[in-house]
Amino acid sequence: MRRVLILGGTAEARALAAELSGRVHVVSSLAGRVRDPRLPVGEVHVGGFGGAEGLAAWLSAGRIDAVVDATHPFAARMTASAVEACRTTGTPLLVLRRPGWAHRPGWRQAGSLEEAARLLPSVGSRVFLTTGRRSMPVFAGLTDLWFLARSVDPPSHPFPEIS
């Protein structure tokens, strides 16, 4: 049976694992950053591979026939490692990405989290923060704003006053 490695803990990755289950041997890889993740169907690998070289070795040792990168769009380092590892091993790679947000009139864009934090006080007083728990310290000093934060696990770092 062909072996497919699916990189990612996204809803799309879980749906793909369920769809492929029974047709191919699915191995899903989760980063391990969430304390109690929703596990996909099939075999699961949790944690990193050790960069592109480690992933290439893992692909070879595991006799992986194809890789699907269904990681979060911000997981640029994992995607770069997958591209390099698949190029090195000759393993086919498919990148599955959810559609991005379409820019709308009145939206302001920031080039970084730090820039977003600097812009927020001039934009409004209520913030829906969905950047993830590891980036919350960037917003911790903004005490004059009201925050509603979306996070899978509670933050362990300094964070803004949230509801």
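Me: In E4, what is the bridge partner of Leu-5?
Reply: The bridge partner of Leu-5 in E4 is Val-67. Helices (H or I, at least four residues) and strands (E, at least two) are DSSP runs, numbered from the N terminus.

Me: What should I know about the origin and the numbering?
Reply: This is a predicted model, in which local features need pLDDT of at least 70, side-chain atom pairs count only at pLDDT 80 or more, and totals for chains, interfaces and linings use all residues. Residues are numbered from 1 along each chain as its sequence is written, and side-chain values use heavy atoms, with hydrogens and water left out.

Me: How many bridges join E1 to E4?
Reply: Four bridges join E1 to E4, and the two strands run parallel. Two strands pair if DSSP finds at least two bridges between them.

Me: Which way do the E4 residues point?
Reply: Ala-66 and Val-68 point one way from E4, while Val-67 and Asp-69 point the other way. All of them are buried, meaning under 20% relative accessible area, with exposed over 50% and partly exposed in between (1.4 Å probe, protein chains only).

Me: What is the strand order in the whole sheet?
Reply: The order is E3-E2-E1-E4-E5, an open sheet of five strands with parallel pairing. Strand E3 (43–46) and strand E5 (93–95) are the edge strands, each pairing on one side only. On average, neighbouring strands are turned by 20° against each other, direction ignored. Axes are lines fitted to C-alpha atoms, for helices over the stretch in contact, and angles run from 0 to 180 degrees between N-to-C directions.

Me: What about E2: how many bridges join E1 to E2?
Reply: Five bridges join E1 to E2, in parallel, and Arg-3 stands opposite His-25 in E2. E2 also pairs with E3 in the parallel sense over four bridges, where Val-27 has Glu-43 as its partner in E3. Five of the six residues of E2 are buried.

Me: Changing topic, which strands does helix H1 lie across?
Reply: Helix H1 (residues 11–20) lies across strand E1 (3–7), strand E2 (25–30) and E4, and runs at about 165° to E1. Helix H3 (residues 76–89) packs on the sheet as well, touching E1, E4 and E5, with its direction at about 155° to that of E5. Contact means heavy atoms within 4.5 Å.

Me: Which handedness do the β-α-β units have, right or left?
Reply: E1, H1 and E2 make a right-handed unit, and E4, H3 and E5 make a right-handed one too. A crossover is right-handed if, with the strands pointing away from the viewer, the path from the first strand over the helix to the second runs clockwise.

Me: Finally, how many helices and strands are in the chain?
Reply: The chain has four helices and seven strands, in the pattern β-α-β-β-α-β-α-β-α-β-β. Of its 163 residues, 32% count as buried.
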